[in-house]
Amino acid sequence: MLRNIIVSWIGTFLQLFLRLSWGVISLPIALLFHLNSIQIGLVATVFYIGYVVSSIPWGLVIDRIGPSSAVEYASILLVGMNLLLFLFLTSYAILLVAYLIEGLITAAIFPSAMKIVAVSYSNSSKFTFYVALVESAGPITIITLGIIASFLLHLWRFIYLIMAISFGLIAIFSHFNRIDVNRTEIKRSFKIILDRKITIATIVRLGELWSTWGTTTWIFPMLVLYRNISPTLSGIFLLLFGVGQLVGILSVERLVERFGDRTVILINLIGFILLTFSIIFSNNIDILPEAFLLGIFSFSYRPPTDSLIMRIAGQSSAGTSIGYANAVSQIGTMIAPSFVGLTLYLTHSFSISMLALDVGCIISIISLLSLKHL
């Protein structure tokens, strides 16, 4: 079963690195194509438009053909798309179209990873831990970006070549590592979408992703351009943010065992809001320890939320439930980059833009409290 976790983790890491690296490489690409903050945010937004549109279809397909096949087919397509960006990125129009298509394809990978975990560990008392283990790919992606951020400013084009090679390897690995699953009829899986509890839990996830990925997409350029912090110090902030996420996500299982899924989610949402206020009023040095704390609160709600959704749906429809959750919740990641970009464009204010990230947490808190009454 360890091999299943490795496949799930690597696939999750690659798809996250593909989309989150935009938060760093957007700076040199913006200079190359003379982009403003709205145009920068729009690239991330079109990616998530594709991600949202295809998430439900991919979820249904995953439950039907199995997660290994879905990862293999998607990875092969992503090899071609990233080679295109490496070789032929010559205009903003190509950039937008390519990121839209990559969003459509990439939506297959995370639901497949969660399906693999559900099939392998859903009957285990450590189910949330294994979900958290796979989702630790998120913080490690942030840590990696924080370490190499300065290099990416100069070598950004090679990211696409590395992505092409990496997706080629994961396609081969998935082909020879088939996960045995019970095929679920699409009609049966589709009923999961109508479950009211899953819908409300998915809205909780929407708000979480708004705040988490909105921060991840914008915090580096916001610190450099609107807080006048050097790229090196901003990279350290991003690194500590990722380390905090990793610490939080790997320790969340014990908190869930003691306090329960919903209480842990609520604590982290409130903590995120408090940390954004603290960062606004801190000086440039004090924000570094706050970056670590913000990381903890910005990701620890994810594993219990995803575990809750899959428990409601059941193992046989895990792919559909997470695909549906991705489709709805990714609206948060689709809106947040452009929303923050528009806020920056209109106000030129770091403080107001940080508060724009808290909108997601407020949505999640309201939805979570509604879920308690069902």
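Not counting residues up to four places away in sequence, Y99 touches L18, W22, I25, V43, V46, F47, L85 and Y160, where contact means heavy atoms within 4.5 Å. The model is predicted: local features need pLDDT of at least 70, side-chain atom pairs count only at pLDDT 80 or more, and totals for chains, interfaces and linings use all residues. Residues are numbered from 1 along each chain as its sequence is written, and side-chain values use heavy atoms, with hydrogens and water left out.

Y99 is also among the residues with the most contacts inside the largest nonpolar core, together with W22, L95, Y160 and F237. This core has 116 residues; such a core is a set of buried Ala, Val, Leu, Ile, Met, Phe, Trp, Tyr and Cys residues joined through side-chain atoms within 4.5 Å. Helix 11 gives the most to this core, with twelve residues.

S75 lies in helix 4. S75 counts as buried because its relative accessibility is 1% (buried means under 20% relative accessible area, with a 1.4 Å probe and protein chains only). Beyond its neighbours within four places in sequence, S75 is in contact with F167, I170 and A171.

The helices named in this report are listed below; helices are DSSP runs of H or I with at least four residues, numbered from the N terminus.

| Helix | Residues |
|---|---|
| Helix 4 | residues 67–88 |
| Helix 11 | residues 196–226 |
| Helix 13 | residues 261–280 |
| Helix 14 | residues 287–299 |

Helix 13 and helix 14 pack at an angle of about 160°, with their axes 8 Å apart; axes are lines fitted to C-alpha atoms over the stretch in contact, and angles run from 0 to 180 degrees between N-to-C directions. Helix 13 is therefore roughly antiparallel to helix 14 (angles over 145 degrees).

How values were computed: Helices (H or I, at least four residues) and strands (E, at least two) are DSSP runs, numbered from the N terminus. Angles under 35 degrees count as roughly parallel, over 145 as roughly antiparallel, 65 to 115 as roughly perpendicular and the rest as oblique. Buried means under 20% relative accessible area, exposed over 50%, partly exposed in between (1.4 Å probe, protein chains only).
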